[in-house]
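Welcome, and please open the model in your viewer with the sequence panel beside it. We will go from stop to stop, selecting a few residues each time.

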Amino acid sequence: MGWDLPVESLSKWWALMSKTVRARAVEIIFALQNQRSNLDGLLAKHGKQVSDQDRKFLQSLCYGITRQWYHLSAIEAQLIDKPLKPRDLILGAIVRCGIYELGWMRSKEHAVVTEYVDATVVEGRPWARGLVNAVLRNFIRHRAELKMERHQAETLWNHPSWLIERIQSAWPERWEGILVENNAHPPMTLRVNQRLVSRETQIEKLRAQDIDCVPGSAPASIRLNEPSPVERLDGFNQGFLSVQDESSQWASIALAGTSGERILDACAAPGGKTTHLLELADLDLLALDISERRLTKITENLVRLGLRAQLKAADASQPDTWWDGIPFDGILLDAPCSATGVIRRHPDIRLMRSEAAIKSLLGMQRALIDALWEVLKDGGRLLYTTCSILPSENDEQIERFLGHHPDASLGVLNAGIPGIRTTHGIQQLPSHTGGDGFYYALLVKSGSSQPKVRA
Ligand SMILES: C[S@@+](CC[C@H](N)C(=O)[O-])C[C@H]1O[C@@H](n2cnc3c(N)ncnc32)[C@H](O)[C@@H]1O
């Protein structure tokens, strides 16, 4: 079953591969193997250049491969004797796409083998074509046994072992359920702009379009039983609807802005929570994000929904560079995090994250919360939220913060928020009957220390 591959130059492969939809899938999977970009970014780039039908196929193929990543690696290791050298990894991507189609999609075998073999035609390298052909045919012959063999934890759960261990140690009684949810398809959830339409009316409108949906846990949320292109949804273009997971919707509710308040949304892009805050109350809102490119997403959302906010591209942990000296009544800190609560939505998170990356995120979260505390009014509140399920990014951050800030105490979180009550906040775990994994803690500033106001 094994091959020793004399692949020499990757660039020659790129130049010669045709731009069929399957060749695009190979490029995407190759880029993921090299952790060069995230899956959504890659799909957006390649999706622009193909038909609607091909875009759907590309998305389901690449998402599917990412969900089965570790299982597919194990199968490949059995079909190719020697591990591929780094410069040969393009072959691994080709084979991976083919195996996934043959094992998990209803593609026609002949078409799959022919097209992936064709994609590997490189002048003067006939062996590469032969390799792909042999591996795919071998998989077809031994498909049932190869799919059954899942002895290692990584292969069984389709997560890297370090992450399985982190989740086991954080949630010793729930880790299996979390991993199952991470591998499932998440529901598509909408948020109704309740200023414009009630949730009940919007549900009726969607059902009239034969869209099967139910109310979600958050007051404005609607869960669709099947995903649908947004443009098809009655009310989307008029600004009645946004796409937002219900756990994420609870964050803006937990901050509870009231009209006229000066609110900071510190890590705001793409603006899911910014726009929700503005739907809930007439706020004087500043939305910051370190990424100028991502800020344009907020602008698009504000325009579609007919809302207003002040936007700034800045590092929220450096108030000297953006703060005008007027303290805020409320701050929403949706901190950059491991995103371990949204793996079901972004399956490539399991490939992109590492223990070292999480360590550096912890430092960033600390810097953000410490800096933002200085721009909060006495009596003001700061909602700390993440889409992480790791206590080190959640309760442990709040524990440390409270230990260093005698003027900080815990506020009362909205009683409707579902989830596990932790020492300092509420933790939601990803659930097929609910939302993504999310954490919320509300901090209130007492009058014992004055916020710094610039002279
Ligand atoms: C979890 S996402 C925010 C999602 C957003 N709140 C929403 O609901 O749509 C985190 C955001 O933080 C931004 N970010 C990371 N570090 C930052 C910093 N130091 N200052 C401001 N924004 C930052 C990232 O660019 C990213 O857009």
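Start by selecting Lys445, which sits in strand 13 (residues 438–445); helices (H or I, at least four residues) and strands (E, at least two) are DSSP runs, numbered from the N terminus. You are looking at a predicted model, in which local features need pLDDT of at least 70 and side-chain atom pairs count only at pLDDT 80 or more, while totals for chains, interfaces and linings use all residues. Residues are numbered from 1 along each chain as its sequence is written, and side-chain values use heavy atoms, leaving out hydrogens and water.

Lys445 is buried but has no salt bridge. Buried means under 20% relative accessible area, exposed over 50%, and partly exposed in between (1.4 Å probe, protein chains only). A salt bridge is a side-chain nitrogen of Lys or Arg within 4 Å of a carboxyl oxygen of Asp or Glu. Now show Trp373: its backbone oxygen lies 2.6 Å from a polar atom of the Lys445 side chain.

**Salt bridges**

How many salt bridges does a search of the whole structure find? There are 20. Select Asp245 and Arg345 for one of them, with the closest N and O atoms 2.9 Å apart. This pair links distant parts of the chain, 100 residues apart: Asp245 is in the loop between strand 4 (241–243) and helix 13 (246–255), and Arg345 in the loop between strand 8 (328–334) and helix 16 (349–352). Asp245 is buried, at 8% relative accessible area, whereas Arg345 is partly exposed at 21%.

Next, select Arg143 and Glu109, whose side chains meet in a salt bridge (2.7 Å, N to O). Arg143 belongs to helix 8 (residues 126–148) and Glu109 to helix 7 (residues 109–119).

Finally, centre on the ligand and select Lys273: an N or O atom in its side chain is 2.9 Å from a ligand oxygen. On the backbone side, an N or O atom of Ala316 lies 2.9 Å from a nitrogen atom of the ligand. Taken alone the ligand exposes 600 Å², and the protein buries 86% of that; these accessible areas come from the Shrake-Rupley method with a 1.4 Å probe.

Terms used
Polar contact = N/O pair within 3.5 Å; in protein donor to acceptor, adjacent residues only side chain to side chain. Lys, Arg positive; Asp, Glu negative; His and termini not counted.
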